[in-house]
Amino acid sequence: MWQQLAKFVLKNKLVLCLLVLIGTVFMGWQAAQVKLSYEFSKAIPTDNPKYKTFQNFKQQFGEDGNLLVIGFTTDKFFTPTFFSSYTQLCQQLKQVKTVEDVLSVATAVNLVKDSATEKLKAVPLFVGNLNFDSSVTIFKSLPFYKGLLYNESTNTYLTGLRINKDVLASKERTGVVNEILQLANQFQQQHGIIMHYSGLPLIRTQVADRIKLEMNWLLIGSLLLSAIIILIFFKSFSSMLLSLGVVIVSVIWGVGAMHLLGYKISLLNALIPPLIVVIGIPNCIYFLNKYHISFNETGDKQTALVQMISKMGVVTLFCNIAAAIGFAVFALTKSAILQEFGVVAGISIMVIFFISFILIPAVLSYLPQPKSSHTKYLENKWLTAILDKLEWWALNHRKTIYTVTVLLLIVAVAGIFRLKSEGFIVDDLPKSDKIYTDLKFFEHHFKGVMPLEIVVDTKQKNGLRKNTLKIFENIDSLSAYIAKQPEMARPLSVVEGLKFARQAYYDGDSATYGLPNSFDIAFLASYLNAKPDSSSTPNNFSRVLTSFMDKEKQKARISINMADVGSKRLPLLLNSLEQKAQQYFDTANYKIEFTGSSVTFLEGSTFIINGLKESIVWAFALIALCMLYLFRSFKILLCSLIPNLIPLILTAGVMGWAGVPLKPSTVLVFSVALGIAIDITIRFLVNYKQEKTGNEQQMQQLVIDTIHSTGISIIYTSMVLIAGFVIFCFSSFGGTQALGWLTSLTLVVATITNLIFLPALLISITRKKK
């Protein structure tokens, strides 16, 4: 069948190339329209309870992750000159398009009781420089702002900018964030202070922009490195250009498929183009290597092309199927970001096969026959010496090979027991990155900026109006417990607003900043019962209070800013908060829900890790079925799987001993590496099977011949794969770096096991059978 396919491809090469060209033009048009993802990746499926809780929260109370914060430290803040300049900065920031509100000391308000109406009204504290010192004194007497807008002990001040949520999901947000940073940087240069920036809008925007930039240079880097390696191997510009042409066409098809499927470029999808290059180049090397071997044997170009297609077609097909399975199994998870990556990567890898199967024979048929310099690498003395050494080890030192393997596995298993699962929201950024250091700045001075929300549900309409004091006392007690946690800032809730109002009611006496009593609540009840008025000013007190309650007065919201404590510490914190909340709120009458971006991150991280673990099992099972179908032998099946299990176990052990935690970016390595490493085994065993005669006395010699016939191409392609993944180590994202060096390590071990352990295993099985 494969010989007939070979003749069909060579006979109809012009038509097939034309079809590929037309398809490439169409996919190129599609690829040009692909967009960058400006949405926070949905790692959790939409039917997940915590995802639904978060969506319900956003519908009732609004977005929790749209606050960009600016901070700085200075002891000159309340000097007239500096404060005037800072006020001007806040005014400029407010004028930035889509900035809805600026929360700062300069825009702070005080609640003042109107002597005529006995009503509270919000009055700006700092209007010009009139009575500036008295305004400062009043501001410092308001406990509401302490720890929220400034840290008195460190002279650190915070400015918060609420950005329109629709803009944060569009490409316009890059311009908005850059304009904010430009204004703040001008202020920094003017006063010689260091400005710090954080918040989810900034983190997500800058990470997304870096993804776009890295996607381009990672792709260019992988192409250049592959071109250099091919040129060194084959010493032929035509072979190099042919290989680059195949992978570039494949990249166009892969990115085009991304747009056709309605996907956008995310942190994970951005890896697909360089992955296509890394996986596509070995296809080219194997085809070219077989072509050169056949040409040396036959001396006829046409015969060599037919043999190349017929011999390498089935091998490359199953290799690409195995690699595609390693990626496509992610589509079986319920995580949207993993599904997209799995579908696009799986399709792209199969496209690589068809494009290389058509283009390589077609182009080679038009090129002159290979020169002796092009096939000289087949007689490389250095590689031949290595293969001779491998043959000697497989024949004479099998016990040593097995013993060393077992010892390494024991050490690796010990390392696996040291593996820990932990991730952070900014986990993939280096510790020296400004995004990371600025986040730590806010954690040090304000205990963090990551949003956590607690919703107290009374389970009945107007439930907050019934037994009001008791409910607020419990909210205040829970808030006090939260404020004592070193990783959490003082919570904001309707209770803090009422404390502020009580202080105003008693003429601004800071000693009266506290929970209202039965007498006070009668005066403040009108503010609690008010409905948000869209026409009211941003400083309207009723609007502030009602923003912490839903329209039905059934639910109260407690908003907390916290540190990025990681997926290991966060569950413990949430568990302690949940237990404390149950002490204050009877579960029969109240429902307490924890949500916000911090909770969804934890759930998403856990969900991705579990999904990736399942995908490894699926990949292993599906690849095993493919191998069983290909070889029709359980013994050969075991021989194919064991050499590929060993690298995965050793890599997991290295992670344990090196202290590399299990997180989405590191668990991803195993399915990817399994799908790629199994290629080496398939190529070795298919060659072994194709030359097998059935004479058991010749089996040992057959294994040795297979080492020499496939060893050179296996070493070359392994070097390309390893070098291709090493490119990822130069990424600024820790997850991409981990994918690079861990996959490279796995492939190094897989190459060694397939060229030493696998031949020894085949010889041992053959001798037992004899």
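User: Which residues are linked with Arg490 in a network of salt bridges?
Analyst: In this predicted model, Arg490 pairs with Glu496, their closest N and O atoms being 2.9 Å apart. Arg490 is partly exposed at 29% relative accessible area, whereas Glu496 is buried at 5%. The network that holds this pair links Arg490 with Asp476, Glu496 and Lys499.

User: How many residues apart are Asp433 and Arg210, which form a salt bridge?
Analyst: The closest N and O atoms of Asp433 and Arg210 are 2.5 Å apart, with Asp433 buried at 11% relative accessible area and Arg210 partly exposed at 23%.

User: What is the count of disulfides?
Analyst: A disulfide requires two cysteine sulfur atoms within 2.5 Å. The cysteine sulfur closest to that of Cys319 belongs to Cys626 and lies 11 Å away, which is too far for a bond; Cys319 itself is buried, at 0% relative accessibility. For Cys626, the closest cysteine sulfur is in turn that of Cys319, again at 11 Å. By this rule the count of disulfides is zero.

User: What is the accessible area of the nonpolar surface patch that includes Val25?
Analyst: Val25 lies in helix α2, which spans residues 13-31, and is exposed, with a relative accessible area of 58%. Val25 forms the patch with Leu18, Leu21 and Ile22, and together these residues have an accessible area of about 400 Å².

Note on methods
Residues are numbered from 1 along each chain as its sequence is written. This is a predicted model: local features need pLDDT of at least 70, side-chain atom pairs count only at pLDDT 80 or more; totals for chains, interfaces and linings use all residues. Side-chain values use heavy atoms; hydrogens and water are left out. Patches are made of residues with over 30% relative accessible area and no salt bridge: like charges are joined within 9 Å, nonpolar side chains (Val, Leu, Ile, Met, Phe, Trp, Tyr) within 5 Å. Accessible areas come from the Shrake-Rupley method with a 1.4 Å probe; for residues, only the protein chains shown count as cover. A salt bridge is a side-chain nitrogen of Lys or Arg within 4 Å of a carboxyl oxygen of Asp or Glu. Helices (H or I, at least four residues) and strands (E, at least two) are DSSP runs, numbered from the N terminus. Buried means under 20% relative accessible area, exposed over 50%, partly exposed in between (1.4 Å probe, protein chains only).
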